[in-house]
Amino acid sequence: MFTAQFTLSNLFMITGFLLAMYSCVSNDIIQTLGTFLSVNKKTNPVYIWIFAASIMIITITAGWIVNNGDMSFGRLTRIPVTHHFTIIHVLPPVILLILTRFGIPVATAFLILSVFSISDISVIGMMLTKSFIGYGLAFVSAYIIYSIIARPVERYFYYTQKEKIPKYWIVAKWCSTAFLWSQWLMQDAANLFVYLPRKASIPELLFVLTAFTLFLGVLSFKRGGEIQKIVKMKTNAQDPRSATIIDVIFSLLLLYFITLNNIPMSTTWVFIGLLAGREIALYTRLRFESPKKMYKHILKDLTKVTFGLIVSLGAVILLTKFDIVKEFFMSHFI
């Protein structure tokens, strides 16, 4: 990346990385730092910034050391290396930014990585399969767990949410967020580092850490943005105790898929599946809200993430096959 001769390809590569970092983390904020930001509305954003940046620096640096310069934790093994970058590689994160602006959770892995792996359709197929399995496993796991703990645990949290919460729950929330944030970085870092050399030098590592730290500062002061509403609508999700349990379950699911294989996947689908299973279990056991409202939220989330997936794959096809699409329309409609 840092060469004596700076080319247009280098410019597209760096621009693509910066935009991917901004758009991917912004869109996935609901599943990583979402509940953390919700329960720390009164916490000084500087503390949140230092916390999030510290975990990021430790995780990425550790990955760089352990994997001999590979910051993606081996997630890009199946993705072809790109040596020449064009405007096509910059557009996916721009599209992602637009969708995030309207609060649509997108399968960032498909939108970003598919552009780089369009020559091997089997990789996209494996990513889709793993993500759908992730949704199903998260849904079933959350439904079973919350069916068990709803009455003895979540009901107690719900009726004591206005009381003073013990400090050990606050500590537990910060710890669970640290674990979740590191797991997400290990799983979804591929979406960011696909733009960079597979073996990063020390200057490249420092560039990544500096840019990421500055961005997390912006995100901390923005408190997550528009897409954060998905978390806020969920039953008792702003209670530090409930949020801690959500983080732990989601972290363990990500850890399982990280150790399963090195195929990239959409963590968004896993998170949406977890929330859906949780909401249905809480309704079944506690009846805190009407079934119409509960299913409306679940259907709305699933519709949004499905729409995001369709837009992602459609955008990739249009971008990578632009000449073919243009020729088709020219010959059939003009």
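User: What does buried mean here, in terms of relative accessible area?

Analyst: Buried means under 20% relative accessible area. The model is predicted. Take helix H5: His89, Val90, Pro92, Pro93, Leu96, Leu99 and Thr100 are buried.

User: Which residues make up H5, and what is its reach from first C-alpha to last?

Analyst: H5 runs over residues 87-101, 15 residues in total. Its end-to-end C-alpha reach is 21 Å, close to the 21 Å expected at 1.5 Å a residue.

User: Now the rings. How many aromatic pairs does a search of the whole structure find?

Analyst: The search finds 17 aromatic pairs.

User: Why does the pair Phe17 and Phe193 count as stacked?

Analyst: Look at the angle between the planes. Under 30 degrees counts as stacked. The planes of Phe17 and Phe193 stand at 20°, with ring centres 6.2 Å apart, so this pair is stacked.

User: Where in the chain do Phe17 and Phe193 sit?

Analyst: In distant parts, 176 residues apart. Phe17 belongs to helix H1 (residues 8-27), Phe193 to helix H8 (residues 167-193). Both Phe17 and Phe193 are buried.

User: How is the pair of Tyr135 and Phe139 arranged?

Analyst: Tyr135 and Phe139 are stacked, because their planes are at 20° and their ring centres 6.5 Å apart. Both residues lie in helix H7 (residues 121-159), 4 residues apart, about one turn of the helix.

User: Is Tyr135 buried or exposed? And what about Phe139?

Analyst: Tyr135 has a relative accessible area of 16%, so Tyr135 is buried. Phe139, at 26%, is partly exposed.

User: Which residues do ring pairs link into a cluster?

Analyst: Phe132, Tyr135, Phe139 and Trp269.

Definitions and conventions: Residues are numbered from 1 along each chain as its sequence is written. This is a predicted model: local features need pLDDT of at least 70, side-chain atom pairs count only at pLDDT 80 or more; totals for chains, interfaces and linings use all residues. Side-chain values use heavy atoms; hydrogens and water are left out. Rings of Phe, Tyr and Trp (its six-membered ring) pair if their centres lie within 6.5 Å; planes under 30 degrees apart count as stacked, over 60 as edge-to-face and the rest as tilted. Helices (H or I, at least four residues) and strands (E, at least two) are DSSP runs, numbered from the N terminus. Buried means under 20% relative accessible area, exposed over 50%, partly exposed in between (1.4 Å probe, protein chains only). The expected span of a helix is 1.5 Å times one less than its number of residues.
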